[in-house]
Amino acid sequence: MSRRNDHFSTNCYVWMILSMSMLCLTATRTFSQTETKLKSKEVIRRFIDQTGGGQWRKLKSRQESSFVDYEEDKEDMIRLKSYDMAKLTNDKGQVIETHQFLSGKASAMVFGPDCSWFYSNNSETVTVLSSTIIKYRTDYPRTTLMEILNLEARKEVYAEDTLYRVDFVDTRMKDDTHSLYFGQQSGLLYKRKYINKNGAVWEYCFSEYKEHQGFMEPYVTELRSEGNMFFTVRTDIINYNVIYDDGVFTPPFACNEAADYESFNIVYEIPILSDR
């Protein structure tokens, strides 16, 4: 009878140890993503103050020149995807981005609050698209770093390792969420993460912050898909409040709900800047 009791006691002891181990494991996992007492507006305000303060809301235009280096091109002697990029944004929420490929081909993409369109000199075709899926405010420029700040931020702030995570409402995504990760010490934005409707995880990682004309932005941006490198954007120079021709944002055809495909031999260019 005592052996049975001993056996029963031993099993209880083992079960208790295993249960405690599971609790510790659960606690560890929970600790890696902990809700803080901070509010998202505090984290966002600190980032804005660190990178330009009130100048962001007064910014009329922003122009950058960068090189987009695709990972799969690095092993090929002839690069097909990598390109020089020029990008212009304004305070009306409009964006034009031109690509000059190493093959000599070029393309331009224009995004606006009411209409978006795409041009390629490869097929000499302009595609006029319908309005954007979501509406951005125009408080901050439509750039990879800043555009999500124009969406609605949820109030909660989560601590993950050395970063603070703030979630934004984005109905384009699978879980209606777009997450930004800010350094707990520096206050700078280091990562942007989302899961698209197909369930793929995408991450932008920001580094090499530099100050220019009173603004501070990252000059290296990496895009990763499911943890694998997709491409790297290396920025040469950024200028603020530049003078530009409003016509570059004007679509060549009237926008409507259905996409139009028309032959239109035209080239839209933004001067590519360089500080090299």
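**An exposed glutamate and a positive surface patch**

At 54% relative accessibility, Glu152 counts as exposed, since the cut-off for that class is over 50%. This value, like the others reported here, comes from a predicted model. Glu152 sits in the loop that links β7 (125-129) to β8 (153-160). Leaving aside residues up to four places away in sequence, the contacts of Glu152 are with Arg137, Asp167, Phe168 and Val169.

Lys39, Lys41, Arg45 and Lys155 come together on the surface as a patch of positive charge. Lys39, one member of this patch, is found in the loop between β1 (34-35) and α2 (40-51). With a relative accessible area of 43%, Lys39 is partly exposed, because its value falls between the 20% and 50% limits.

The fold comprises 3 helices and 15 strands. The protein has 276 residues, and 42% of them count as buried. Contacts between residues at least 6 apart in sequence include 47% that join residues at least 24 apart. The protein exposes about 16,100 Å², of which carbon and sulfur atoms supply 52%.

How values were computed:
Residues are numbered from 1 along each chain as its sequence is written. This is a predicted model: local features need pLDDT of at least 70, side-chain atom pairs count only at pLDDT 80 or more; totals for chains, interfaces and linings use all residues. Side-chain values use heavy atoms; hydrogens and water are left out. Helices (H or I, at least four residues) and strands (E, at least two) are DSSP runs, numbered from the N terminus. Buried means under 20% relative accessible area, exposed over 50%, partly exposed in between (1.4 Å probe, protein chains only). Contact means heavy atoms within 4.5 Å. Accessible areas come from the Shrake-Rupley method with a 1.4 Å probe; for residues, only the protein chains shown count as cover. Patches are made of residues with over 30% relative accessible area and no salt bridge: like charges are joined within 9 Å, nonpolar side chains (Val, Leu, Ile, Met, Phe, Trp, Tyr) within 5 Å. A salt bridge is a side-chain nitrogen of Lys or Arg within 4 Å of a carboxyl oxygen of Asp or Glu. Lys and Arg count as positive and Asp and Glu as negative; His and the chain ends are not counted. The place of a charge is taken as NZ of Lys, CZ of Arg, CG of Asp or CD of Glu.
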